[in-house]
Amino acid sequence: MLIGGGGHAAVLADILLCQKRHIIALISLDDCSQRSVLKQLPQLFSDEDIHKFPPKDVVLVMGIGIIPRSQVRKRLISHFEALGYVFETVVASNAYVSPHAKIKHGAQVLTNAVVHTGSIVHSHTIVNSGAVVEHDCEVGVGCHIAPNATLCGQVICGNDVFVGTGSVILNNLRLKSKSIVGAGVTLSRHIKEKEIIRRSE
C-alpha cells in the first residue's frame with residue numbers, strides 16, 4: 001500500500017509497477033487523476049483505511065517525500081510502526097547497490113542512484129535519482145540525499161540530514177543530525193546539528 005499522492009509517490013509507483021509489484025491501493029486525500037501512473041491505482045482517502053488491512057497482510061511504502069523541518073512523514077511512519085506495520089525497502093532496478101553495502105528497512109534508493117561498498121543507508125532514508133553515496137559512508141535515519149547529490153568517501157550523516165540537489169560533500173566530513181545543505185553546495189567542512197549551509201556560503 002502506497003501512502004501519498006504527489007510526485008514522490010508517482011516515482012515509487014513507477015518503480016514498483018516496473019518491478020511487477022502489486023500495489024493494493026494508494027492512500028491520499030489529493031486528486032491523483034493528473035498523474036497517469038497513479039490514476040490507474042485503487043485510491044483510498046484516509047489513513048484510517050489502512051487499518052482495514054492487518055499488518056501481517058500488507059507492507060507500506062512511504063510515498064511522501066522529505067521536506068526539511070517537516071514532521072508529517074516522520075509522524076506517519078511512527079504511527080504505523082507503532083501499530084505493527086512494516087515499511088518496505090524500495091530499490092530501483094537500475095540503481096546500483098554494492099553487495100557490500102547495507103540498506104536498512106524502509107529506505108529508498110531511486111533511479112540511477114549508487115550506493116558503493118562499505119556504506120550503510122539507515123531506515124527511511126531516500127537516496128534520490130542519480131545521487132551517489134560513495135564508499136564507507138553512513139547515512140542516518142530519515143535523511144534525504146537529493147537528486148544528483150554526491151557524498152564522497154567516508155562521509156557520516158546523522159539522522160534527518162538533508163543534502164540538496166547537486167551538492168557535493170567532500171571526503172571524511174561529518175554532518176550532524178537535522179543539518180541542511182542547500183542545492184549546489186560543495187561542502188568542505190564539518191557541520192553542526194541543525195546548521196544550514198547555503199550556496200553563497
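Asp-160 counts as partly exposed, with a relative accessibility of 25% (buried is under 20% relative accessible area, exposed over 50%, and partly exposed in between, using a 1.4 Å probe and protein chains only). The model is a predicted one, where local features need pLDDT of at least 70 and side-chain atom pairs 80 or more, while totals for chains, interfaces and linings use all residues. Residues are numbered from 1 along each chain as its sequence is written, and side-chain values use heavy atoms, leaving out hydrogens and water.

Back to Asp-160: its phi is near 60 degrees, a positive value in a residue other than glycine. You'll find Asp-160 in the loop between β16 (156-157) and β17 (162-163) (strands are DSSP runs of E with at least two residues, helices are runs of H or I with at least four, and both are numbered from the N terminus).

Lys-20 also has a positive phi near 60 degrees, again in a residue other than glycine. The loop between α1 (7-18) and β2 (26-27) is where Lys-20 sits. Lys-20 counts as exposed because its relative accessibility is 74%.

Asp-160 shows up again at the largest pocket, where it is among the residues closest to the centre, along with Ile-66, Ser-70, Lys-74 and Gly-142. A pocket here is an open set of points on a 1 Å grid over the protein atoms alone, where a 1.4 Å probe fits and protein lies on both sides within 12 Å along at least five of seven lines; lining residues have an atom within 4 Å of a point. Points are joined across faces, edges and corners, and the volume is the space filled by probe spheres set on them.

| Pocket | Volume | Lining by class |
|---|---|---|
| Largest pocket | about 470 Å³ | 11 nonpolar, 7 polar, 5 charged residues |
| Second largest pocket | about 170 Å³ | 7 nonpolar, 4 polar, 2 charged residues |

In these classes, Asp, Glu, Lys and Arg are charged, Ala, Val, Leu, Ile, Met, Phe, Trp, Tyr, Cys and Pro are nonpolar, and the others, Gly among them, are polar.

Which helix gives the most to the lining of the largest pocket? That's α3 (residues 72-82), with 5 residues. Over at the second largest pocket, 13 residues make up the lining, and Ile-27, Ser-28, Leu-29, Asp-47 and Ile-64 lie nearest its centre.

Then there's the sheet: 5 strands in an open, parallel arrangement, ordered β7-β10-β13-β16-β19. At its edges, β7 (102-103) and β19 (174-175) each pair on one side only (two strands pair if DSSP finds at least two bridges between them). Strand β13 (residues 138-139) runs parallel to β16, joined by 2 bridges. Val-139 has Cys-157 in β16 as its bridge partner.
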